[in-house]
Amino acid sequence: MTAPNWLKIERRPVASGRTVFIISVLAILAALLVAAIFFAAYGISPIYAYYLILRGALGNMHGFSETIRRMIPLLLCGVGLTVAFRALFWNIGAEGQILMGAIAASGVALFSGLPGPLLLIAMFIAGFLAGAAWGLIPAALKAKLGLNDVITTLMLNYVAMYVVLWLVHGPWKGASMRGYAYTDMFPNAAQLPMIGSTSIHWPTLMLGFIAAVVMYILVNRTRSGFEIRVVGENPEASRFAGISQFKTTMLVMFISGGLAGFAGVGEVAGIYHRLLDPSQISMGYGFTAIIVAWLARKNPLAVIVTSFFFGILMAGGDVIKIQLRLPFQLINVFNGLIMFFLIGSELLIRYKISIRRR
Amino acid sequence: MSKQFIEQIQVKELVARGIVKRFPGVLASDHVDFDVHSGEIHTLLGENGAGKSTLMKILYGMYRPDAGEIAINGDRVRFHSPLDAIRHGIGMVHQHFMLVPTFTVAENVALGLPSSRRVLLDLDVVSKRIEELAKTYGLQVDPAAKVWQLSVGEQQRVEILKVLYRGASLLILDEPTAVLTPQEVDEFSETLRRMIDEGHAIVFISHKLHEVLALSDRITVLRSGRVVDTVPAVDATKAGLARLMVGREVILQVDHPEVAQGDVRLAVHGLSANGNSGLPALRGVDLEVRAGEILGLAGVSGNGQKELAEVIAGMRRPTGGRVLFDGTDVTGALPGKLLDHGLSYIPEERMVDGTVRDFSVAENLILKDHHRKPYAHWVFMDSAKIASESDRLIEAFDIRTPSRQTPLKSLSGGNIQKLILARELSRDPSVLVAAQPTRGLDVSATEYVHRRLIEQRSAGTATLLISEDLDEILNLSDRIAVIYEGRIMGIVDREDVDVERIGLMMAGVSEQAAGNASA
């Protein structure tokens, strides 16, 4: 408990937005600094490696397109997670909610026979509802039975994965796909439009921006948002204030799961045009989005910035793999380090540490 | 016992000079001079935030002063941690006990001390020494008893024994009487007298003016981090001390005007409920509170008061019995429903149950009515209305805050309680449950809360006042009910109050037997 004599630790009354921003940037820099050791261990100058990542992710149209492609699911999931985290619901299940969204969208695309533009709209609605339903299961389990949300959301990811695997190997396996575990290609009307020749499916990106703004308003300006924040900040006080924890928990997970479902729709309708192996549909977006939401300090608008940043990192992962012939998994080391320093930096937000001058 | 603890010096005199301690934005100790000698009780008196705890923590080595010095028996000392203070013969009994409930008294006392048999326990030696100490100081307690079996008063004796066992000759006692029945307070003062006779020095901290006057030799009054005055207790009066603490005249006795009582607003019949441990905490409680009446519920902490308040507020499910509001059965109704029935509730744990630390003052003020007009329209919050209404409440209830946007956590305890009062009373309640409404508050804030409760009584609210502060109950209540182990031992009218008798009922003696004993 006792700190050394020369250190002075004081509780901050309230950390200003500027302080939080500076501390977050410092946490990222610290992560980059530690990650540099790994590049150095491979005999590659870390500065050169970071330069390549930045150039690869932003330096040309292809790289930029890859960055935004990664940003889209991170944005949608990240915004949803900020809402869940605000109510102190630890949704580690966005990955599974993405997959359920992808399944529902694929089902509508392949079997509904809806005409033209109606088809895409129906896919998004079905995807949202499927992701939301997947999110409501752990919400109900926590609110009614007190089951741990971290465990239930995490485990449901695996259930969703196996449902996808079963579908693509079994009943939904495409006739034209021979040995591959794919469904048939979606009809043209079920494929999202792109910006030019990029792989940016702009309707999903727009949904992401809209979600960020709407959720910001929801959290800060509405009755439900007030209740979400009370439940998150002090569950006991919320009971005294007559706020239903059940309704609030169900609401945040409806939103959080639904937005992840949107991300799943975007991946299958925008990129792959069919349902395929779960690890290809989502490259860990649901997990990376946790860090995205955390870095945004649970502010839905800030997710626009943080999801872009992680888009760069993920697109940079390709560069690491192709140009430097290093394992793609190095990006996971980044993610882990950033999360580590972010959680560590919470201390600096709550306390002011300075050196005592005598 | 290890040598370390035998060769402690006897504190004959502790002198602190010019103690300064700064916290961000506050000067908690402003050149404070304080001294205490062996054979005396020197009381520190002051409102919350006056600097009592800061000074106490500096004396006990928990804080380092920014300036000033402390000398023991004429030698300057510097404490880097409480361990240093303990080595210099200083001991502290905290307001909240630090005991392991499943351990015996002897085990608790020996905890953290080296054994005389190295790796083997020497509990028999410890027990013998405890018995000696208990005899010398009148601290009767069985060394083999488990702590959870002991009453609060006995647990406090264990805390004091712990300190004495470690060889302390200067004891700092932080609000030691707050948890005791009147009879236990008498025994406790007897113990203090014996310690003084043995040459100990005692620093005593309390809010209760009559106890301070009865127990102390000298009294030092602090205000805003500064020593206002140090006076011999024989020359002091309650009113004089209150004036020194607050800096103005204080009305210690609230007016209790005649109010015509109306219908029964709150009734509980045969109410039973379990505590958090699953054991029965309420065993058939019957109470009725009328409009314009304050019913005081007296009792030692942990006899079911908390559970009763929670059941009435809809926070705890009863196992039997009924709760009626205005004759309507609301047993087991959700808190939101009870709010609609006109229940207001001042919870015991105001930071846990009553407020949200990181929310602003305004957000905390609208906590219970955020979903209705004027604060909400359709799904949106009306920030303009929230602003104007909270400014009005801040003004009307004299909440000292830089602005309505200030986070609650930076307010003082008294102002947080005013905020809760503002929220609960502005709802114009038909029934008010006030649990420990002035716990931890200073004299001015307490005075304010009492005045508001009396005003609410005049306005026709039925109030159930739950308090461990017997003076508060006696001052405010029309009738006084005493609770012991989840049962009401008796209900006494304001006019027929006999403190002795209430004290006996608090200790579990039935009303009739208590009446006979005190008569």
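Mentor: Two strands pair here if DSSP finds at least two bridges between them. Strands are DSSP runs of E with at least two residues, helices are runs of H or I with at least four, and both are numbered from the N terminus. This is a predicted model, where local features need pLDDT of at least 70, side-chain atom pairs count only at pLDDT 80 or more, and totals for chains, interfaces and linings use all residues. Residues are numbered from 1 along each chain as its sequence is written, while chains are lettered from A and ligands numbered from 1 in the order in which they are written.

Let's start with β11 of chain B, residues 264–274. Antiparallel to β11(B) runs β14(B), residues 320–325, joined to it by 5 bridges. In that pairing B:V268 sits opposite B:V323 of β14(B). β11(B) also has an antiparallel partner in β12(B), residues 280–290, and here the bridges number 8. If you want a pair to click on, B:A267 faces B:E288 in β12(B). The hairpin of β11(B) and β12(B) leaves 5 residues between the strands, and B:G278 takes a positive phi near 90° there.

β21(B), residues 479–484, is antiparallel to β22(B), residues 487–493, with 6 bridges joining them. Across the pair, B:I483 looks at B:I488 in β22(B). This hairpin has 2 residues between its strands, with B:E485 at a positive phi near 45°.

For an open sheet, go to the run β6-β7-β8-β3-β9-β10 of chain B: that's 6 strands, with mixed pairing. At its edges are β6(B), 90–93, and β10(B), 226–232, each pairing on one side only. Ignoring direction, neighbouring strands are turned by 20° against each other on average; these angles run from 0 to 180 degrees between N-to-C directions of axes, which are lines fitted to C-alpha atoms, for helices over the stretch in contact. β6(B) pairs with β7(B), residues 170–174, in the parallel sense through 4 bridges. One of those meeting points has B:I90 with B:L170 as its bridge partner in β7(B). Helix α9 of chain B, residues 238–246, packs on this sheet and touches β3(B), 41–46, β9(B), 218–223, and β10(B), its direction making about 30° with that of β9(B). Contact means that the C-beta atoms of two residues, placed from the backbone, lie within 7 Å.

Zoom out and chain B is assigned three stretches of domain: domain 1 (3–246), domain 2 (251–342 + 429–519) and domain 3 (354–426), with bounds from an automatic or database domain assignment. Between domains 1 and 3 of chain B, the C-alpha centres lie 39 Å apart.
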